[in-house]
Structures are given as structure tokens and as C-alpha cells.
Number of protein chains: 4
Amino acid sequence: MEKGQSMWGGRFRKPPHELVEAFNASVHFDKRLAAYDIQGSIAHVRMLKRQGIIAVEEAERIEAGLCEISQEIEQGRFEFRTALEDVHMNIEHELTERIGAVGGKLHTGRSRNDQVALDMHLFVKAEAGQVLELLHTLQEVLLAQAERYMDIVIPGYTHLQRAQPVRFSHHLLAYFWMFERDRERLQGVVRRADLSPLGAGALAGTTFPIDRVDVAETLGFAGIYENSLDAVSDRDYILEFLFALATVMMHLSRFSEELILYSSTEFGWIELDDAYATGSSMMPQKKNPDVAELVRGKTGRVYGHLQALLTTCKGLPLAYNKDMQEDKEGLFDALDTVKPSLRLFAGMLDSLTVRKDRLDTLLQGDYSAATDLADALVRDGVPFRAAHEVVGNLVRYAADRQIAFVDLTPAQLAEAAPQVAPDWISALTPEHVVEARTSRGGTARFAVVEQWTRAEEVWRSHR
Amino acid sequence: MEKGQSMWGGRFRKPPHELVEAFNASVHFDKRLAAYDIQGSIAHVRMLKRQGIIAVEEAERIEAGLCEISQEIEQGRFEFRTALEDVHMNIEHELTERIGAVGGKLHTGRSRNDQVALDMHLFVKAEAGQVLELLHTLQEVLLAQAERYMDIVIPGYTHLQRAQPVRFSHHLLAYFWMFERDRERLQGVVRRADLSPLGAGALAGTTFPIDRVDVAETLGFAGIYENSLDAVSDRDYILEFLFALATVMMHLSRFSEELILYSSTEFGWIELDDAYATGSSMMPQKKNPDVAELVRGKTGRVYGHLQALLTTCKGLPLAYNKDMQEDKEGLFDALDTVKPSLRLFAGMLDSLTVRKDRLDTLLQGDYSAATDLADALVRDGVPFRAAHEVVGNLVRYAADRQIAFVDLTPAQLAEAAPQVAPDWISALTPEHVVEARTSRGGTARFAVVEQWTRAEEVWRSHR
Amino acid sequence: MEKGQSMWGGRFRKPPHELVEAFNASVHFDKRLAAYDIQGSIAHVRMLKRQGIIAVEEAERIEAGLCEISQEIEQGRFEFRTALEDVHMNIEHELTERIGAVGGKLHTGRSRNDQVALDMHLFVKAEAGQVLELLHTLQEVLLAQAERYMDIVIPGYTHLQRAQPVRFSHHLLAYFWMFERDRERLQGVVRRADLSPLGAGALAGTTFPIDRVDVAETLGFAGIYENSLDAVSDRDYILEFLFALATVMMHLSRFSEELILYSSTEFGWIELDDAYATGSSMMPQKKNPDVAELVRGKTGRVYGHLQALLTTCKGLPLAYNKDMQEDKEGLFDALDTVKPSLRLFAGMLDSLTVRKDRLDTLLQGDYSAATDLADALVRDGVPFRAAHEVVGNLVRYAADRQIAFVDLTPAQLAEAAPQVAPDWISALTPEHVVEARTSRGGTARFAVVEQWTRAEEVWRSHR
Amino acid sequence: MEKGQSMWGGRFRKPPHELVEAFNASVHFDKRLAAYDIQGSIAHVRMLKRQGIIAVEEAERIEAGLCEISQEIEQGRFEFRTALEDVHMNIEHELTERIGAVGGKLHTGRSRNDQVALDMHLFVKAEAGQVLELLHTLQEVLLAQAERYMDIVIPGYTHLQRAQPVRFSHHLLAYFWMFERDRERLQGVVRRADLSPLGAGALAGTTFPIDRVDVAETLGFAGIYENSLDAVSDRDYILEFLFALATVMMHLSRFSEELILYSSTEFGWIELDDAYATGSSMMPQKKNPDVAELVRGKTGRVYGHLQALLTTCKGLPLAYNKDMQEDKEGLFDALDTVKPSLRLFAGMLDSLTVRKDRLDTLLQGDYSAATDLADALVRDGVPFRAAHEVVGNLVRYAADRQIAFVDLTPAQLAEAAPQVAPDWISALTPEHVVEARTSRGGTARFAVVEQWTRAEEVWRSHR
């Protein structure tokens, strides 16, 4: 087919420059939508038939042709051609090659503008579903590891300074809730994507007596766009998807940072499984947390795609503009980043080992029980700010001498902080400290178990 | 008060460098949270009282002191001091000045980490509510103008080329639905912000027997954070708010672009009210759409704030890090951008004039009825692609001679497109074209009226 | 080769999970660096030979092997394998297959960290050179069209409102200078990329007696990195390249916006060549400026890549981190966006047509000579602000009656603006207005010719 | 003054809505340009005088008035008013109040478009100069600390895993070179900003016989814009400035991350001075690296401002559009972020302490000499990949038994790695490892001293 002729040639005196053809073409990436394109076309042609817009026999030939093409695509036997610009024209052209001119009737009452919008809505719904599933699996791993490590106590940090010890289970559950919010946002994406744009035509609807609701129902949409201009120019649901993916990556980047830290020699209490680490071609001793680093690094990439599409959409008049073709590659790449990241994280978390011996060493002798000591003074009637001062001085005293709280002698205590009763000191172990935080959402065992139970209920309710 | 002494001095040998003090201080912007801070403190102190953690009389003195301070702040009589770092310390310090050391008991069982998180949750809920309200008002104007301009026909564009005429009402309603989606996203923000973080302490909860649910209920929260680490390190709801605001701005930037175009000399069919335009200090003839330009330009600013916080959050380990103090100024500025933009847009839309005479001129003689002519050929049995070719040739023929479709003589028609019946030509007026698109979401009068009615129902259901 | 074994296996008990292998692998994109990788390896092996680190015969066998591989890659006969992770290991592995274990000596005294840094420096220098060349060509078209359209007068805009008429040549030359600045920035990129990192090893240099300056000279570098840590962790030159490309796109996006506007029906004075426009599959009358729209839309993409890498680099400790592998794909894609955009713009500008008839119509009857009228009053002794007021009133008077300045009768003038001498009115043609701006950089013919001459000199001096 | 009347009232029937006035106003931020505005006005008025465009006596009265106003502004006695929109109108209005209608002649031959562009060019040059100076000072501190800590050996990392030990001086010097590149980029900014836009008028020049070169020379510019449209619509130099600042922050964010890590309990070999750290209001033991965290966090902010202006500029037609008013606040805030960050970093670096005892402990017993052992095998004739395997196995053997290399017995060595000669083992101390890297840019003492000397020469050449 001479494209300049058959697709939109009448008004034109010459075909596009070959560079233009290549620049405009999208088939090298939008072929990813082929299955959705055919699914949409079949629903459309059935409706055309039901509405009497095309003959039953024509509709059946078209549908049969589409099914054949669909199979060939699935089997990797279909050759997409750049000269045919996009996935839609590739399929329609092939259809006409196969079943003759009647194939052209498939495009009755629709435009590529509403057709590609339909494909993207189907794609987004399906892919968001997959990301939801991957989050669910990752949360399952978190629940399992939180159960397994319920009684492991780790240092808790603020400002990356030792703050108060926490249960590792508690730490893992913090991520459970982050990913749960990611799920909520993705469900919002699905909700917003769950409207059929088909029937909006190029921008204004169509002169054919189509039934938009019928097509929407066939395809499982919850509703239709109420406005044809909006239907073809809306890219909100893609932006919202990109934002939800950016947030997933942000959470993963935080988790990555921690795994990188905790598996360093200096922290050293997490050991990644060999299958989730890599070595150095130069330094034989290295065991590098490449996966965590890549996930952290790829966060920028997903942020970039979000920013890119926001920029593209800025200041575009209604309705369709070619700029909007830029809505796909960034999303595709974001999904190709987020989905493996989630898969790898699940495996990496599931297989890591906690070195309890190292944790015991780390927790010895830091001063992260200081708040508890201040609280004890408060209970003894000392105003909080004064108690804080007393304990701060004691920390300085002990740190200067490199003595842990629990190793302070009564004499030392008397010298540095006479307000502190010697027997309080024995309560300043990490285990006591975590058990002392009994309010909901705190670190005491029963509070964490209760939290875990709530989390598990939420997780079970996902479907 | 010597800060280095009273707040956290015990461990330190010297106070912070004065540049550090200024760099760390946040009171110059977080004083905006003062009302929420006091509201949260009152709820907290009532709970401390009910739980018997502090004495009734103490609680009452604290509450009374806070009420006094609150009034002074409202009346602009309170002086915030940088040396006291943030809004929380300013208020607490003032409280202690007034009611004595008992004021220090207010901070029992909480930390600045969960306190500031609480303030931000209250702030976000309130501000999101205001943006929802402003969108509601803007939608009201859109409904009113859509009703008023139901029968005005304007050129519809794709690629900024004339595509098909549409009703101006239809065009306006496209924006109604965009802003409706913005509202949905904002409601998601409110939902995610509707959890109380108080009681999470610095990161791990508290050793005092607080009742987190009680405080949450007093403050009207739907629930509480289940995990203390998550409670103090979550900034998702702020990011989500920034994203929702970025999308609002994106929509406004598109609308702005259109107003700028349509009020240019070349388009010329929209006249902005003098109160919503500005002149030039140099060129006396100018009437500039400054508001629309500024809104379009400020879109970048809101995008930038979103990107800024995403970047800040990337790779931060749990729980609180000082980096997170960066969550406020961008959001404050985004709100100070979006809220006036929405207000101004409502006024600008409400007061603009449509120049029907200019529209009549514009619509004469373009070829945006070409699709309808092709559709007529299709109904006559010509395959779509062939019909498209015939009409494309006719457009070229007519354009070369600068003749409108409706002015083509039968002889010219016979020469250029013999397949076209001369009496079809009379149907190629803009009015016929818009009326021909009868499917749901299309441009026919009854379809737009039906759409308007649905929109109005949605709008009425907002509260 | 079992990768886990041969590359870095000793320390590991099991090979990486296959998902990890795929996630870490970069060969699917970094194979683009193959030619530079081999060029760098040859320079390295020659130096090793000269320094006596490896034997002459060994060096020659390695170089011969590399040359063979290089040819096969050029001819597309080389098969890159994901299991070998990256372009470096693919080539080294193939080398060893061919020439035996001696191939392993190629890696003596270097690490993949400095090797990939070297490849990227060579790549950036070469690609920046190509972009410089494309800008040069585009500027050539601008000079040619500015010469051709020296005497075409078009409306000049501020706020997209008619401001003052300008020569089209002047307008085109504005872009000449923008692209000239882009060239300057790219030259800065080249300057910063013109240092060899080789010899930095993984991070700390090497224990072999290499000669870094020798390699740098062989490869045509202006110098070497002075610090090994910096050499392997610097990504500034890539960021700077991305920024320079973002600015190119920003300029092209502005030009695109103008071409889209000027080729709309409403402006209508630019006609794109059919070879640089596309049609609609649905609307036979459409002639869409797809190229300009795509370029405008793809601006977001290049911005996104810049933001992505900035984000990735944020907060990374020295020296190499795996995150930095993310420095390539964004740059590759940015180049694949910018280079065709520049090529297409040159062709599109070269082939467009200006419709002088349409310009004459447009310029009739607007009030963009108002500033000149005010200036005339000022010369007559009226203070500027008063003159502005007089002319503003006259514009309102004339606009209300839809009369052009030049068509105002003396009676009307006497009524609306008695201060204005009737014979001034005849000077208010577009031609007079552009000729009146004689200062340097202004719109008078001799000023534009002078500017053109300077531009042409700058352009000639490019090499 | 009624603004709607005097500035651009003639054409308007009513003044702007008060919300519009507030939205458009920029004086609350552009008053920061006041000194540059007056400096530019004085140069302009002197030129007008020399060219005979205004009378000598008029020019002198204007200049005297401007000088008075300038002093009042400096002394904080000038009241800027929002109703007068921007800094230019505030000053011009005040001038006219003082010296009468002749003040209006100041605006002869210029427009606010070229005037504000002039102000920004002067501002950018001055501020870039200040940032250059701050970088110079920070580099001075780096040189001093590198000299002081020449012989301190620290762990060097890749992937945050111990890679090879390096001198702390070497590590510090890596930052010296990064900041040196930042300086180069800033000099590029200055070069591009060093052109005077004055005389471009609103967009097309002026009808008055001004001398643009004269004004440029008075103000110390290297040249003038050759094209009036370009002069008023160019924002490249601001974008370039923002990019240069973003890169500075990126470097600081990396340094911050390291200071945060190295001052954590786990690393623990850097002690921040108390004056550059802060405590916790809750946890008495905390010493938080707030400054480093804030700098790292604020990196997002500067990135965001860059992205914001890039977005704003995307797709804007020539020449001036109101959107461009958005070029200022982001830059102002970026400077208010970067300048204190640089100042604080210099102080923080200057005052920190290195804990050598802690470093000695850390470096004991890691395997970061593994590469040297492999290199020894290579020198003994073992191919590199085989040597790597041998050492990898030895690392695993030693790590399983928690033995440092230097503590391996000959028997153990014979068992685990018989190829390794026992006497090589004694060379595997950190000191030997750093001394073994003698190539330029490496870690041997003389190489670092040589590097330091080059750095110091570069620094001295700054001026």
C-alpha cells in the first residue's frame, strides 16, 4: 500500500518525507497494544452489526479476520511495518489484505483518536491489575518475614542516628502499609481508567447510530466518557498511573537504601542471598547489592517519565494533538521498571538472612534507651525538659568514658546523674525498651502482633 | 531562653552556629500551621487528662494557656522567633512563659516528629477541602456558561487544524469533566490524609499509656496510623496532594492556552472582560490575557514542587530525616498558586464575551464538514477509504479556488467529485454538522443537553 | 562461560537468580558503545605494551583480535549475549574465545568502572560533535530563509497579541542566536568531557605502572582526570549534555508552537510542504503539522531524562554505585530525539512557503503601529504617559468602529485625538513601522542586514 | 495613581479586578532587583542625554532623583506598593512624584520588557560571582583539610561495600574537582549573561536614536544582543544558572550523604562539631547531622526550580509572554538555598574531627586488599581471571572463619590458596595498599601530593 494514497492522500500532492514517516511512526512501540486493539475492534464490529450499521455477514468476516490476525500476533508470526505508521493501520491493512475491501468497514463510526484511547484504557486497567498483584505478593513476603523476625530487635534511626530500638517485624510492617497505600492509589487509577472513550470519533462523535454503552459493556467498562472532546484528549489516567508508579519506586528506593546500608560492613546485620547479589570483575572480596542500587537508581527514571508527560500535556489546546502520542513509551518503560523491581524485591526480601550476633553487638552500648530513662525521671516528678537535660549530661559522661548505660556503676551514676535511681538502669536493655512502647502502633510485642493481625486481614481482603 | 540549653542541650558542649540556627529554623514558614498545632495540642492534653497521665488541673491550665495564645496568633499579636526554631517550640515556650513549668507537661508522650505530622494532616485535609470548594465553584460557572452558550457553534480542532465544528457548550463541558476528575483525586488525598499519626512519638511510640484513638476522634480523623515508623515518615499524602494540584494546573494551562488563542486577533471570538486583562506600558493598543498566561506559566512551578519533594524523598531510610522538613514550603506555594488561579479562572470565564459575528465569519468557508460528506458517500455504498479519497480531492479542488463547500456549483462538483450528489452539499453547514453527531457524548443539541443534565446532577451531588 | 564462575565467582556459593541477571544486564543498550569500547581497549593495550606490562607479541594478538571483533560488530555479525552482562564482558569474552587466555591480559590495570567511563567520554564527545553539526545546518537554513524573506513583514507578538510588525527575516534570526547559544553550551560539554578517566581503576588507581597520559593522547583527549575517585563517579558531563539537549528542545518547542499557530487556518500565512505534513485517516480536509507537534511534545521527554539522572545522582556516596548505570539509556534516547528533530526542522523550514497575500490581509487594520503614533506625540512634546493615553483612546475609538488607523478621516481624528496631526497617519503602515526601528538589533532593513551579516560571520567561523 | 488610568488605561473601560492586580503583581519579589534597576536606569538616562534625546538638565534631574531613591531603598526606607505592580513602576512612579512629569522621560526608548531583562542580566552576573566566590572558599577548606589529613587512611567504597582503602585527602580532593567543574559552568553562565538586552524595546527595538553599545559599556557588559526579539525572550542564561546550581547541590548532596554515614554510630569516624549538629527535643542522646540532611533534602528544591522554568518556557511563542515572569522566584529561592548551603558546608568541613582510632578498628580485618593479592598473583604469571577466582575463594574461606588476611597462618593459606606466597600477606595492610597505587590520580602519597599541588595551582589561578 502506498500510504500517502490510501490513508489520507486525496488532499496531498506528495507523500511524506521518509524521515517524517519514521518520526511519526509509532508501531515500534504501540504494537504492544495489539491484543487490546483487536479486542476493541471485535467489540466495535459486533456493535456495528447489532445496530445494523454493517451487515451481519460483513461483521462476521471482519471478526474472523481479526481473530486470525490476533493469533498470528500472539505467536509472533505477524510482521509490523513502519510504513503503516501504527498498530491500528497495520492491523486494518492486514485485515483488508485478507478479507478484501469489506475490511475497511471496521473503521465505520470511529477514528484513530478514540481507538487508541480505547486501547490505552484497556492496557492501563490490565497493567495496573498486574502491579496490584505484584504488590500483594511483596506484602505477603513482608508478612511472612515480619512473623519470622517478630522478636529480632534492631536499632531504630532518626537522622540515621540511633534513636530507639525497634522490632525488625515492626520495621518491615512499616513497608506493608506504604505498599498498601500504593495499592489504594492504583485502584484510583483503575477507577478513572474504567470509562470507554469509543464513539468519541476524532473529537466530536460520529454521524453513525452507534451504541457506545453496548461496546463499553462488552469490554467490561464501568461506564463511558460523557464528552467526546474529553474522551480523546484525556491523559489524566496515564499521569495518575505514572504518579502511582513513582510512589511505588520512592518506597522501594527507601527500602533499597536500607538494604544497602544494613548489608554494608559497618552495619552488617543483613546478609543478602548470593542469588541476589553480584561480585566485582576486579575486586574478589566484593559482594554488591546491585539489585537494591539499581532499584534506587531507577527511581529517577520513573520520576522522569512522570515529569515528561506532565510537561507534554502542559498548555495543549483541545482536542487531540500529536504531542499526545508521547503518552506511551514513558509508561511502557515505567512498567518495565516497576514490575521487575517488585518481583526482585520480593525474592530478595524472602531470601535475606538476619545476623542476630551482629545485632547483639551493635545494640550493646549505644544510648538509645535514653528516652526511657528520661521518661522514668518524668514519672518520678521531674519536668520533661529537666529530665532531658539530666539524661543528656549522663550520655555525655558515659560516652566520654565509652561505657554503656547498663555498665554504669552506682558511684558513676551518683556522680553524673544523682537523680537517676540505680535500679532503673537495668531496665535499659533493648528488649525492655521495645516492650515499654505499648500504645497502638508501638513496638511492644502484643502491639506488633495486633498490628500484624490487622495487616494480614487487610491483605486477605484484597480479593 | 538559650535554645541550645533548654531544648536538647545536655549532650552538647556548645550551641549551634548562628548560620545553622537560621538554616534549620522553619518557623518563618511553619507558623502557617499554628492553628492546627494548637488544635492538636488541645486534643492531646485532653487525652492526657482523661488517661490520668497529667492532673486535671494541669490540663486545664495548659488548655487555657493554649486558647489565649491561639487568640493572639489569630489577631496577629503573636511574635514568632527564629531562635525558637519552629512553630511548636514557639508555642510551647510561650505557654511555659505564661503558665510556668507545667507547660512542659504538654509534650508528655509525644515528639515533634508525630506533632508536626499531625499538623500537616490537619492542614492537608482543610486545604484540600478548600480546593474542592473552588473547583465546585468553577464548575458552576462552566455549567452556567454552557447553558448560556448552548447554541453557539465554534470550530473544533485537532492538531490546531479545523476538524469539525462543535457547540461551545460542549467544549466547556469537556473542562467540567476534567475538573470533576481533579475532585476525585483530591478526595483520594483527603482519604489518605485522614489518619492520625499522633502517638507515634519520635519513631517507636511512647512509654506513656496514651489513647491514640481518643485523640483521633476528637480531631475528626477516620482512623490512626497502624505503625509508628510509618506515621512519622509518611509523606505520600503530601506528594499525592501536589500531584492532584499539578493536574489541576495542567487542566488550567490547557484552558489558558485556548483563551490566549481565542482572544488573539487571528481567532478573535473571545473577548476577555477589561477587568481580567491588562495593557502595555508601551503599546497603547494592547489588551493582554495576563491571567491566562500567568496560570499557564505557573503550571511549571507546581510541577516543580512535585518533582522537588519526590526527589527529596528518594532513598531516605526510615524513620524521620531532617530532609523531610522540605515537605512544606513547596506545598504552601502550590496552594498559593492553585487557589488564586481557580478563583481568577471562575471570574474570567464568567465575565468573558463570545463574539458570534466573528465566529460566523470564521466558520464560513472552511472544510470541516468534509467528514460528513465522506460519511454520506459511505452511506451511498462507497467504501470509507475511497470516500475519504474523493472528498480529499474535492477539498484540494475547492481550496485551490478558495470556494466554500456550500458555494460549489453543480458543474464544479461534477468536475471534481462526480460521486457527490449536489443536494448533499446544502447539509454541510456547521449547524447541520453538529446536529448530525447524535451518539452519547456527541455534539447534537439533545446529546449536549443530556450531558449537561448529567453534569449538573454530579455537581449537585458534591455535598 | 558460566558467568557466576568466571567473572566474580570465587566468593559466591551460587550464581545470580536469572531475574537478577536480566535486571543487571546492560548489554541491550550499552552495545551502542562497542566501537568506543574497542577504540579504548586498543589504546590501553598499546600503552600496556609500551610500558612493558604485557609482552609485545601478546599485545599484538590482542589488538588483532579486537580489530576482527570490531569489524564483525560494524557489519552486524556479532551476537551480544545478555548472560555476559555488558558490552565490555561480551567483547572480552569473545576475545578470549578467539585468542585464548592471553585475552584476559587486556583487563590488566583497569576496571570496568574506568573502562565504561572512558567509553562514555568518547561517546559524548562524538555525539556532541554531531549535534553541533546539525545545529550548524539548521542555522544555515535559517540564514538562507532570512535572506529570502528579508522584506516580508509579519505581525510581531507579545502575549500573543499583535504588538509591532517585524521582518520575517528578523524573526528567523532570533532563532539563529538561540541555536548559537546552544552550540556554545555544547562546546562546554565537549570541554568537560575531554578528560580521560582511564587508569582510575575501580576507584583508587592501579598497582601496575601504567601511563595514563599516553592513553589519553592516543585517544585525542585534552587531559586526564586528576583524581581516581572523581574519574569513576563523575556524571556531570552527561548531565550537562542532557541539559544542553533540553535547551535545544525548548527552543525547538517554541519554534514548533509558532509553526503550528502560523499554519492554522486563523493565522494561515505559513504553508508547510506536503512532505512535512500529514493527513487524517478520518477527516479528508486535514493537513496536520505533526512534525512540529511531535517535536513540541518530545520536549517533555528530554526534560524527563535530565530530571531522571539528576534524581539518580542525588545523595550517592563516592565512588561508583550501580545506580550510575542509569546514565546511559536516557542520554541515548535524548539523542535519538534531538538529532532527528533537528534534521526534520531543517527540512521543514527549508521547504515551507510564506503566503504574502494572507500576511497583507492580516496586517491591514490592526493597531500595531500605535507605539509609533505615541512616539510621534512624544517628539511633538507630549510626555510619554500622556501620549500613551491619547493613543489608547484612539485605538478604542477606531476598534469600536472597526476602522484601521490609515482609514481614519481627519474629522474622526479631530474628534477622537485632536493632538494627532492627520499627516502622521500615513506613516502608520507596517513598512514604515519596521523601518523606523533603526537601532542595532532593530527591524529596519539595514539593521537586519547588518545583523544577518554578523550572524553569517559567526556561522562561517564554526570551523 | 490610579494604575488602570496612568499606565495603560486609554484602551480600557475599567480597571483590573483586584485579584488580578494581586496575581499580576511582582513587586513583592522583584524588588530584590531594585539596585540593578536603578543602575540600569542611570546608564540609560546618561545615554539619552548623550544622544540628545532628552535635555541635559532633564537627564540630570532624573539621575539625581534616582540616586535619592536608591539610597532610600538601601536604607530600607522605601515603601514598595503592590498596586504599582512591579519594581520598575514603583521606582518610576516615585521618581515622577519627586521630580515631576519629566520623570516620565526616563522610559523614552525602552520598554519594561527590555528593562526587566537588563535587571536580570545584571543580577545573574552579580550572583553568579558570589556563588563562584563561595565555591572558592569551600575549595580552600578542602585543600586545607586534605593537607591536614594527608596520611589518614579511610575505607574506599563502591556499592557502599568496602573496595580499597584510600587517603582521606584523596577523597576530599575528589570534591575539589567537582566544585571546580561547577565553577567552570558558572563562568559559562556569566559569559552568556554578559550581553545587554537594553534597546530591544518591547520586542522590535525603538524609533529613538539610542546607542545600545554605549549603555552596555557603561554597565560593564561584554556586548549586546544582536536581535531584539531574542533579547526580550531569552531565558537561557537563567536556566543555565539554575542547572549550574542544581549541579552544585547534587555534589553537596553526595557529600552530605557521606557525612551522614560517616558520623553514624556504625561508621563513626567523623565527629561533627557541636556547632554544626543539633539535638532532639525527645531523645537526649541524639546528635543529628541536620545541616547535611537539609542540604541533601534541599537538592530536590533546586532541581524543582530548574524543572519549573524549563516547563514554563516550553512551547512559548516569541516574543515576551507573561509566563516569563515566572523566571525570578525560583532563581531567587535557589540562590537562597545554595549560598547558605555552601557557607555552612565550609564551616562544617572546617570544624569536623576525624577519629583515627575508629578508622584503625574499621580497617582491621576487612578484605579490601584482595585486589592487591590478585595483582600479586598476576605478576607471578597467573591470568587475571584465575587470580580473581583464587582470591575470591580465599576471601570466602577467611570470612567464614572471621580471620583477617594478615592473620592467616601459612597452613591456612596452603589449604585455601596454595598459589599465594605467605610473605605476600604482610603487604596487605591499608598503608601498603594505598602506597601501591602510584599512577597519576592514584592513592600513593606522592601521587596525592602532586594532585594537591595541581589543585592548589588551579585554586590560586581563580584570582
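Is E85(C) buried or exposed? With a relative accessibility of 6%, E85(C) counts as buried, because the cut-off for that label is under 20%. Please keep in mind that this is a predicted model.

**How the chains are related**
- Two copies of a chain are related by a rotation about an axis and a shift along it.
- Chain D is superposed on chain B by a rotation of 180° and 0.0 Å of shift along its axis, with an RMSD of 0.1 Å.
- In chain D, G304(D) has the C-alpha nearest the axis, 2.0 Å from it.
- Here too the same surface serves both copies, with 100% of the contact residues of chain D recurring in chain B.

**Backbone features worth a look**
- Most residues other than glycine have a negative phi, and most peptide bonds are trans.
- E85(C), in the loop between α5 (56-74) and α6 (87-99) of chain C, has a positive phi near 70°.
- H159(C) sits in the loop between β1 (153-158) and β2 (161-167) of chain C, and its phi is positive at about 60°.
- H159(C) counts as buried, at 8% relative accessibility.

**Cis peptide bonds**
- The bond from L318(C) to A319(C) is cis, with omega near -10°, and A319(C) belongs to the loop between α12 (290-313) and α13 (329-351) of chain C.
- In chain D, the bond from L318(D) to A319(D) is cis, with omega near -5°.
- A319(D) is placed in the loop between α12 (290-313) and α13 (329-351) of chain D.

Notes:
Residues numbered from 1 in each chain as written. Chains lettered and ligands numbered in written order. Predicted model: local features only at pLDDT ≥ 70, side-chain atom pairs only at ≥ 80, totals over all residues. Heavy atoms only, no water. Least-squares fit on C-alpha atoms with pLDDT ≥ 70 in both. Contact = heavy atoms within 4.5 Å. Helix = DSSP H or I, 4+ residues; strand = E, 2+ residues; numbered from the N terminus. Buried < 20%, exposed > 50% of the residue type's maximum accessible area, 1.4 Å probe, protein only.
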